[in-house]
Every structure is written in structure tokens, then in C-alpha cells.
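Welcome! Take a moment to look over the structure below, and then we can walk through it together.

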Amino acid sequence: MYAQIVRSLGNLVTLIGDTEVGLPIEDSDVICIDIGDRADVLTGMKFNEETQIFNHEGETQVAPIEQREKAYETLRYRLDETELLFWDSSALTVDEGNKICLNYLAEGNTEQVAAIQVLISEAKAYIRGLYPEEAQQDE
């Protein structure tokens with residue numbers, strides 16, 4: 001199943017379907033995203049190419065800090081499909097990496113703590129790039 005997104009309409013989802021409706025198509029103004037069997041993507045939604053998130057028009061956006069916290073809990077892969085945090089042959093979330101780090105710390109294994117902290121810092125920097133702090137407004 002594909003979502004057809006028209007860039008010139010502000011990344012509006014204009015059609016959901018498969019080959020029976022002619023999707024996917026190739027056009028410079030159209031993006032066709034494979035949404036699998038997702039039922040939560042509907043026509044009329046907007047698509048954010050950077051974050052790969054679908055939202056309803058006028059929907060209140062989740063604050064970046066809340067999105068960041070959710071990403072720390074759930075994100076294992078970057079947008080380019082590489083592992084966010086790769087440790088011991090596994091792709092991990094930041095929260096999972098932190099738990100492993102605490103275990104090494106409890107064991108007194110400072111070498112492993114230092115190594116995984118570098119990876120956690122890099123992963124958090126990537127997520128902060130996706131969901132930056134909201135701009136402070138002058139009062």
C-alpha cells in the first residue's frame with residue numbers, strides 16, 4: 001500500500017492505494033511512500049519528509065522535546081536505515097544503551113562504560129538534530 005504525497009500542495013496525502021489505483025508513480029512533484037498495511041495514514045494528512053511523520057492538517061504538533069523523549073525510547077535506526085546505536089551485534093535505542101551503560105558501571109567496567117557513552121552521545125546528538133529545542137521567544 002502506498003501514500004501519494006504532492007509536494008506542491010504542501011506534502012498533502014492525496015491518494016492511498018496500490019497498483020490497482022496506479023501507485024506508485026514517478027513524478028518530480030509526487031512522493032510515493034510504501035506504508036505497508038498502516039491504517040493510520042489517510043488522505044488529507046500532511047507528510048514531513050525530514051521526520052517521516054504523517055499528521056492531520058491543523059493537528060497540534062507534539063513538542064520537539066516530547067518527540068525527542070519518545071525517540072530515545074523507540075528509535076533504533078536513522079532515516080538512512082543505519083543503526084542509531086550499534087552494540088554487541090544489536091541495534092539499540094538510547095534508553096537501552098543507557099541501561100547497558102548502567103550495568104557496566106555497576107560492575108566497575110569503566111572501559112565498556114566509556115565506549116558505550118560515546119555511542120549514546122552520538123545517538124542523542126542525532127535525535128536532537130531531528131527534534132531540536134523550540135526557539136525561545138523574547139518576552
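Does W87 count as buried or exposed? Its relative accessibility is 11%, so W87 counts as buried. Please keep in mind that this is a predicted model.

## Aromatic pairs

Two aromatic pairs are found in the structure. In one of them, the ring centres of W87 and Y104 are 6.1 Å apart and the planes stand at 65°, so this pair is edge-to-face. Because W87 belongs to strand 6 and Y104 to helix 2, the pair ties together parts that are 17 residues apart in sequence. Y104 counts as buried too, at 18% relative accessibility.

The other pair joins F47 and F54: with centres 4.7 Å apart and planes at 45°, it is tilted. Both F47 and F54 are buried.

Here are the two pairs side by side.

| Pair | Centre distance | Plane angle | Kind |
|---|---|---|---|
| F47 and F54 | 4.7 Å | 45° | tilted |
| W87 and Y104 | 6.1 Å | 65° | edge-to-face |

Aromatic rings also meet charged side chains here. R78 lies over the face of Y126, at 4.6 Å from the ring centre, and K124 lies over the face of Y72, at 5.3 Å from the ring centre.

Let us begin with helix 3, which runs over residues 110–130. V113, I116, I120, A123, I127 and L130 are the buried residues to look for in helix 3. They sit on the same side of helix 3, because the arc they cover around the axis is only 100°. T110 and E111, on the other side of helix 3, are exposed. Among the parts that cover the buried residues of helix 3 are helix 1 (64–74), strand 6 (85–87) and helix 2 (94–107).

Helix 2 has 14 residues, and from its first C-alpha to its last it reaches 20 Å, close to the 20 Å expected. Its buried residues are V94, G97, C101 and Y104. These fall within an arc of 80° when seen down the axis, so they line one face of helix 2. The face turned away from that buried side carries the exposed residues K99, L102, A106 and E107. The cover over the buried residues of helix 2 includes helix 1, strand 6, strand 7 and helix 3. Just after helix 2 comes G108, with a positive phi of about 80°.

In helix 1, the buried residues are P64, Q67, R68, A71 and Y72. They lie within an arc of 145° around the axis of helix 1, so they line one face of it. Strand 5 (53–56), helix 2 and helix 3 are what these buried residues pack against.

The loop between strand 7 (90–92) and helix 2 holds T93. T93 is buried, with a relative accessible area of 0%. Beyond residues up to four places away in sequence, T93 touches Y72, E73, T74, L75, R76 and L85.

In soluble globular proteins, nonpolar side chains tend to be buried together. In this model, the largest nonpolar core has 16 residues, and L85, W87, V94, I120 and I127 are those with the most contacts inside it. Helix 1, strand 6, helix 2 and helix 3 each give two or more residues to this core. Helix 3 provides the largest share, six residues.

M45 is found in strand 4 (residues 45–48). With a relative accessible area of 4%, M45 is buried. Which residues is M45 in contact with, leaving aside its neighbours within four places in sequence? They are N11, L12, V13, D40, F54, N55 and H56. As for N55, it is ten residues from M45 along the chain, with 5.4 Å separating the C-alpha atoms of the two.

Methods
Residues are numbered from 1 along each chain as its sequence is written. This is a predicted model: local features need pLDDT of at least 70, side-chain atom pairs count only at pLDDT 80 or more; totals for chains, interfaces and linings use all residues. Side-chain values use heavy atoms; hydrogens and water are left out. Helices (H or I, at least four residues) and strands (E, at least two) are DSSP runs, numbered from the N terminus. The expected span of a helix is 1.5 Å times one less than its number of residues. Buried means under 20% relative accessible area, exposed over 50%, partly exposed in between (1.4 Å probe, protein chains only). The arc is that of the directions from the helix axis to the C-beta atoms. Contact means heavy atoms within 4.5 Å. Rings of Phe, Tyr and Trp (its six-membered ring) pair if their centres lie within 6.5 Å; planes under 30 degrees apart count as stacked, over 60 as edge-to-face and the rest as tilted. A charge sits over a ring if NZ of Lys or CZ of Arg is within 6 Å of the ring centre and within 35 degrees of the ring normal. A nonpolar core is a set of buried Ala, Val, Leu, Ile, Met, Phe, Trp, Tyr and Cys residues joined through side-chain atoms within 4.5 Å.
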